[in-house]
Amino acid sequence: MTVEQILFLLAGAVILVSAFLVVTVRKLMHAALWLVVTLFGVAVLYALLQANFLAVVQLVVYIGAIAILFIFAVMLTRKEMRDLGPQTRSNWWVAVLVGAAVLMGLVFVVLAIPGVERTAQVLPEGLDTVQALGVALVSPNAYVLPFEVASVLLLAALIGAVYLAGIIKK
Amino acid sequence: MSIPLSWYLLLAAALFSIGLYGVLARKNAIAILLGIELMLNAVNMNLVAFWRYLDPAQMAGQAFAVIVFAVAAAEVAVGLALVISVYRRRKTVVADELDLMKW
């Protein structure tokens, strides 16, 4: 067991336990807070994978923006389902079956990938992953088109969200 | 760098399945969106793991993880706006009760 493996196992355990609580806990506010824990665990894994930029983006965008947005939405819609009645549909066992089937299928596929037990090589000498990612996102030979489409998508989502949630005065 | 690739893939598979269960089983529309977030995170973890283990010099995995971030942010913003709008008109966030377009 190396230090990295122990770190991975710790982060993985935190991710799985908190994700399980996200989908099972009764109070929605607690589910949103457990989601923060899950997202933090995933950020730790990004750091382990040496994706430094994505680890920071995970903290800033996911925890700082998306999770907080969830908490606001929970607070704005609270009155209705506060802890009354079951939080899951009556046929939740179908969901368990589907989830278990998907998990087994995925495990089967993953273990069939050739070379899946490989370990990572050392990063090439002089490769700055943050710089390389920045260049890749704006280089015409690489991913400038998806990048621009994503910006248009964000603008459309911004306008759509304001229109949908805005107060309509008659 | 002694972690096998399979560990990341299996963890992502488990996270995806938990999210799928949440999407299918939960009643509250916001809880369904929480499940979708878990699934998107599992996908992102796979993208980054494949980037690191297959060809770190090519930034494809990280670039598409960034795109998934943007899509997730857009999805949450519009989804939660829809939930709040529905809540304001119908006073409910239970997905089962929103059956106006059901036939």
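## Burial and the basis of the model

A residue is called buried if 20 or more other C-beta atoms lie within 10 Å of its own, exposed if 12 or fewer do, and partly exposed in between, with the C-beta atoms placed from the backbone. With 18 C-beta neighbours inside 10 Å, A:Gln50 therefore counts as partly exposed.

The structure is a predicted model, in which local features need pLDDT of at least 70 and side-chain atom pairs count only at pLDDT 80 or more, whereas totals for chains, interfaces and linings use all residues. Residues are numbered from 1 along each chain as its sequence is written, and chains are lettered from A and ligands numbered from 1 in the order in which they are written.

Chain A is divided into domain 1 (1-80) and domain 2 (128-170), with bounds that come from an automatic or database domain assignment. Taken over C-alpha atoms, the centres of these two domains of chain A are separated by 23 Å.

The contact between the chains takes 74 residues from chain A and 64 residues from chain B, where two residues are in contact if their C-beta atoms, placed from the backbone, lie within 7 Å. On the side of chain A that touches chain B, two or more residues come from each of α1 (3-24), α2 (28-48), α3 (52-76), α4 (78-81), α5 (92-112), α6 (129-138) and α7 (144-165) of chain A; helices here are DSSP runs (H or I, at least four residues), numbered from the N terminus. The most is given by α5(A), with eleven residues. This side of chain A divides into 58 nonpolar, eleven polar and five charged residues, given that Ala, Val, Leu, Ile, Met, Phe, Trp, Tyr, Cys and Pro count as nonpolar, Asp, Glu, Lys and Arg as charged, and the others, Gly among them, as polar.

## The largest nonpolar core

A nonpolar core is a set of buried Ala, Val, Leu, Ile, Met, Phe, Trp, Tyr and Cys residues joined through C-beta atoms within 7 Å. The largest one has 74 residues, and those with the most contacts inside it are A:Leu35, A:Phe70, B:Ala12, B:Leu15, B:Ile30, B:Leu34 and B:Val48. Two or more residues are given to this core by each of α1, α2, α3 and α7 of chain A and by α1 (5-25), α2 (29-54) and α3 (60-90) of chain B, with α1(B) giving the most, 15 residues. Because domain 1 (1-80) and domain 2 (128-170) of chain A both give residues to this core, it lies between them.

Leaving aside residues up to four places away in sequence, A:Phe70 touches A:Ala32, A:Leu35, B:Ile30 and B:Leu34.

## Helix packing in chain B

The helices α2(B) and α3(B) pack at an angle of about 175 degrees, with their axes 9 Å apart; axes are lines fitted to C-alpha atoms, for helices over the stretch in contact, and angles run from 0 to 180 degrees between N-to-C directions. That angle makes α2(B) roughly antiparallel to α3(B), a label used for angles over 145 degrees. The residues of this contact divide into 17 nonpolar, four polar and one charged.

## Individual residues

A:Gln50 is found in the loop between α2 and α3 of chain A, and has a positive phi of about 65 degrees although it is not a glycine. Most residues other than glycine have a negative phi.

B:Asp96 lies in the segment after α3 of chain B and, with 11 C-beta neighbours inside 10 Å, counts as exposed. The C-alpha atoms of B:Asp96 and B:Asn28 are separated by 8.6 Å, although these residues are 68 residues apart along the chain.

Note on methods: Parallel < 35°, antiparallel > 145°, perpendicular 65-115°, else oblique.
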